[in-house]
Amino acid sequence: MVFERLGVCMRRDELRTPCFVVRESKLRENLEILKEICEGTGCRILLAQKAFSMYRVYPLIGQYLDGVTASGLYEARLGNEEMGKENHIFSPAYREEEMPEILGVCDHIVFNSPAQIKKYKSQVKRAGRSMGLRINPECSTQEGHAIYDPCAPFSRLGTTLGKFEEEMTEEDIAALDGLHFHTLCEQDSDDLETTLKVVEEKFGKYLRRMKWLNFGGGHHITRPDYDRELLKHCIRHVKETYGVEVYLEPGEAVALNAGELIAEVLEIVENGMKIAVLDASAACHMPDVLEMPYRPPLKDAGDPAETNAGGCKRPAGECGRPYVYRLAGPTCLAGDVIGDYSFAQPLSCGDRLEFRDMAIYTMVKTNTFNGMRLPDIVLEREDGTCEVVKTFGYEDFKARL
């Protein structure tokens, strides 16, 4: 069919569903904000590819950011091939046979433990690469989701001060170029400020011996209510106090609110409530809905709790969105449910729904459970036309097995 040809430009209503649509205009808006942080503080900002790896837009991102960071060899290769700027990597542990290739494509290698430093420091230095250690300041600022808290009890991520001073020799410390901490998840700069104070208290004397400090990711810098002035203060304070380069590596902030997942209603069934079965799956296409969990925003829809309770002072039938549906995927998983939503009009088969903020942690996490087709990837240009960047079919499913 015509819309399956790569590079074809069309209107949104012509796109095949399900599909991810990333808006170039919103990406640029986010990138302008990040660039202003860099120019105002002298820090360096990297794209965390674990959140957003749509390399079709890496040339655009590269106009604003200093490079990328990777969580493993394949992301590192992607960043090297498609961005070609600074290329950082962190992993809780590295495979020996992959290290030569990593050293060939990455300029900053961050290790997780003293043991990994001892094992690889000679290779890193011979290759002329910058070497860092991830630290765990043991300062939790998150609420409710221990799965996303690197400072939770028994965390495997980062080296605590106790282990640092017990296991790092003077030679090991001298070999380090920088320290790295990553403790935030979708948080504001006040949590960074809190964490940074603890980092200074525990590791300040070692910071003075470093060339750089990486603040990690989880900074929601491009969110409208984010306190960017406080972030700038934190960056300037560290640079002036310790004489180090400061790195940030946001993922979500780069593509925040820049993408949608467009899905179609396939069927409507009723079992105690109306259930709309879509051609998009929570389990396959938006797994964070089940993993976090969270309820993705949906264009022209509301929250049934607000419609039928405190959000609406009139009887449900008189509310602006009185029609409530559970939206669910077509897989065999009973819990393949996206959430409950309220609408101004009844849904019908063939209706299209647009889930918001679907650029981040979506394309990088999709899977083909039940043989589900992966959503097409579409770039909406700043002139409003849509370019089909990638399509998927049966062979993509089969090739994985």
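I count a residue as buried when its relative accessible area is under 20%. The model I am reading is predicted.

**Entry: a stacked pair**

I looked up Tyr 120 against that cut-off. Its relative accessibility is 1%, so I log Tyr 120 as buried. Phe 111 comes out at 0%, so Phe 111 is buried too. Next I checked how their rings sit. The centres of Phe 111 and Tyr 120 are 5.7 Å apart and the planes meet at 10°, so I note the pair as stacked.

**Entry: other rings**

I then turned to Tyr 325 and Phe 343. Their ring centres lie 5.8 Å apart with planes at 75°, so this pair is edge-to-face. Tyr 325 belongs to strand E13 and Phe 343 to strand E14, 18 residues apart, and the pair links distant parts of the chain. Both Tyr 325 and Phe 343 are buried. The count of aromatic pairs comes to ten.

I also looked for charges over rings. Arg 134 lies over the face of Phe 90, 4.9 Å from the ring centre. Arg 295 has its charged end over the ring of Tyr 341, at 4.0 Å from the centre.

**Entry: helix H1**

Helix H1 covers residues 24–41, and Leu 34 lies in it. I checked the helix span. At 1.5 Å a residue, the 18 residues of H1 should span 26 Å, and the end C-alpha atoms are 26 Å apart, so the two agree.

Which residues of H1 are buried? Among them I find Glu 24, Lys 26, Asn 30, Ile 37 and Cys 38. The buried residues of H1 pack against elements including E2, E3, H9 and E16.

Is Leu 34 buried or exposed? Its relative accessible area is 0%, so I log Leu 34 as buried. Beyond its neighbours within four places in sequence, Leu 34 touches Ile 45, Leu 65, Ile 221, Thr 222 and Val 254.

**Entry: strands around E10**

I followed Ile 45 next. Ile 45 stands opposite Leu 248 in E10. Strand E3 (residues 44–48) runs parallel to E10 (residues 245–248), with two bridges joining them. Strand E9 (residues 212–214) also pairs with E10 in the parallel sense, over three bridges. There, Leu 213 faces Val 246. I traced the chain from E9 through helix H9 (residues 228–242) to E10, and this β-α-β crossover is right-handed.

Technical notes
Residues are numbered from 1 along each chain as its sequence is written. This is a predicted model: local features need pLDDT of at least 70, side-chain atom pairs count only at pLDDT 80 or more; totals for chains, interfaces and linings use all residues. Side-chain values use heavy atoms; hydrogens and water are left out. Helices (H or I, at least four residues) and strands (E, at least two) are DSSP runs, numbered from the N terminus. Buried means under 20% relative accessible area, exposed over 50%, partly exposed in between (1.4 Å probe, protein chains only). Contact means heavy atoms within 4.5 Å. Two strands pair if DSSP finds at least two bridges between them. A crossover is right-handed if, with the strands pointing away from the viewer, the path from the first strand over the helix to the second runs clockwise. The expected span of a helix is 1.5 Å times one less than its number of residues. Rings of Phe, Tyr and Trp (its six-membered ring) pair if their centres lie within 6.5 Å; planes under 30 degrees apart count as stacked, over 60 as edge-to-face and the rest as tilted. A charge sits over a ring if NZ of Lys or CZ of Arg is within 6 Å of the ring centre and within 35 degrees of the ring normal.
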